[in-house]
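Please read it alongside the coordinates shown below.

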Amino acid sequence: MMETYPDKWPYPRPDSPPLLTPDEAEHTMDVWLVPKFSMLTLFCLLEPLRVANRFGRNLFAWRLRSATGQAVVASNGVRIDVDGPLETLADDAGLMVVSSYEAELTVGAVERAVLRRIAAHGGWLGGLDTAPFILARAGVLEGYRVALHWESVPAFRQEFPHLAISQARYEFGSERLTGSGGSAGIDMMLDWVEQAYGPALANAVGRQLVHRRASGEASLAQRHLYEQLPRSVVRALAVMEANLAQALPIPEVCRLVGQSQRQLTRLFIAHFGESPKQCYLGLRLDQARRILADSRCRVTEAALAAGFTQPAHFSRAYRQRFNEAPSTTAERGSL
């Protein structure tokens with residue numbers, strides 16, 4: 001007898017969402033594939049972002065680039081089509097360079113000029129495996145700690161003695177990201193997910209990839225806390241953190257998690273002393289407070305970014321949680 005499936009799958013639906021365009025996603029990463037690049041590094045870079053999109057929100061998109069706009073052959077001989085040439089990148093793009101063997105053979109003045117243009121206009125640049133050589137020769141790593149593949153460290157140190165080499169598997173900053181390649185890309189992208197949407201989502205993505213995050217790249221105490229929680233609770237927190245700006249009804253959260261509302265409420269009260277609705281509200285208010293404290297956003301902008309459409313409701317809930325008006329937090333953040 002043929003098995004039938006519901007119209008709406010419970011969490012996580014394996015074929016959802018489809019690949020996103022930059023217009024559909026909140027974050028877009030361009031990836032420059034240098035001939036003979038590492039396929040493993042590319043997959044480790046993209047898969048965490050794809051899995052993060054499965055938690056009910058269009059979060060990440062990516063575009064593949066080559067110097068010419070033509071397909072690129074990886075070090076394993078597989079040919080990969082790309083979305084366009086490097087030179088068409090926007091000035092403020094976020095670009096990750098992926099290379100491996102003979103990284104400099106096809107990189108010339110034109111490509112280095114693109115890197116310098118992005119750096120000059122405030123975009124972020126990253127490089128994995130041997131790609132830090134490309135970034136350093138373009139002069140865009142001055143003042144940054146550099147992580148790269150261990151085999152490349154002696155040559156890099158000799159060519160760039162003035163640059164600080166990190167012993168970490170990757171260095172994640174707001175403007176420069178460098179790493180050793182391979183599986184380090186998974187941890188780097190999970191770090192990005194955590195910084196953008198919180199540790200619950202990053203933890204849930206790691207579990208979906210059957211990947212245990214390396215120590216030292218995130219808060220171990222916080223990570224251990226999530227490891228002690230039931231999987232349905234972690235999934236629920238991940239869905240909530242992925243949908244702070246567009247708050248979902250709790251029944252929809254339960255559907256995505258694959259747990260009844262009654263059971264999920266029981267688990268939340270047992271572990272946090274509050275219902276899923278109360279916890280979700282707290283996460284959104286915490287998000288608004290971070291925005292107000294770390295930027296010059298207006299109160300209405302912070303409220304909308306945390307999913308509040310009614311200013312009076314936002315102000316009342318904010319004051320109740322933090323014992324001050326959101327405008328007070330905003331004034332401190334603008335100093």
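Arg 63 is partly exposed at a relative accessible area of 28%, where buried means under 20% relative accessible area, exposed over 50% and partly exposed in between, with a 1.4 Å probe and protein chains only. The model is predicted, so local features need pLDDT of at least 70 and side-chain atom pairs count only at pLDDT 80 or more, whereas totals for chains, interfaces and linings use all residues. Residues are numbered from 1 along each chain as its sequence is written, and side-chain values use heavy atoms, with hydrogens and water left out.

**Salt bridges**

- The structure holds 10 salt bridges, each defined as a side-chain nitrogen of Lys or Arg within 4 Å of a carboxyl oxygen of Asp or Glu.
- One of them joins Arg 63 to Asp 30, with the closest N and O atoms 2.9 Å apart; because Arg 63 lies in strand S2 (residues 60–66) and Asp 30 in strand S1 (residues 27–33), the pair ties together parts that are 33 residues apart in sequence. Helices (H or I, at least four residues) and strands (E, at least two) are DSSP runs, numbered from the N terminus.
- Arg 145 counts as partly exposed at 47% relative accessibility.
- Through shared partners, salt bridges join Asp 30, Arg 63 and Arg 65 into one network.

**Aromatic rings**

- The structure holds 10 aromatic pairs, counted when rings of Phe, Tyr and Trp (its six-membered ring) have centres within 6.5 Å, with planes under 30 degrees apart classed as stacked, over 60 as edge-to-face and the rest as tilted.
- Trp 124 and Trp 192 form an edge-to-face pair, 6.1 Å centre to centre with 75° between the planes, and the pair links strand S7 (residues 124–128) with helix H5 (residues 184–197) across 68 residues.
- Trp 124 is buried at 17% relative accessible area, as is Trp 192 at 13%.
- Phe 314 and Tyr 318 form a tilted pair, 5.6 Å centre to centre with 55° between the planes.
- Phe 314 and Tyr 318 both lie in helix H13 (residues 311–322), 4 residues apart or about one turn of the helix, and they are buried at 1% and 0% respectively.
- Ring pairs also link Phe 60, Trp 124, Trp 192 and Tyr 197 into a cluster.
- The charged end of Arg 284 sits over the ring of Phe 308, 4.1 Å from its centre; this term requires NZ of Lys or CZ of Arg within 6 Å of the ring centre and within 35 degrees of the ring normal.

**Cysteines**

- A search of the whole structure finds 0 disulfides, a disulfide being a pair of cysteine sulfur atoms within 2.5 Å.
- Cys 44 counts as buried at 8% relative accessibility, and Cys 279 likewise at 9%.
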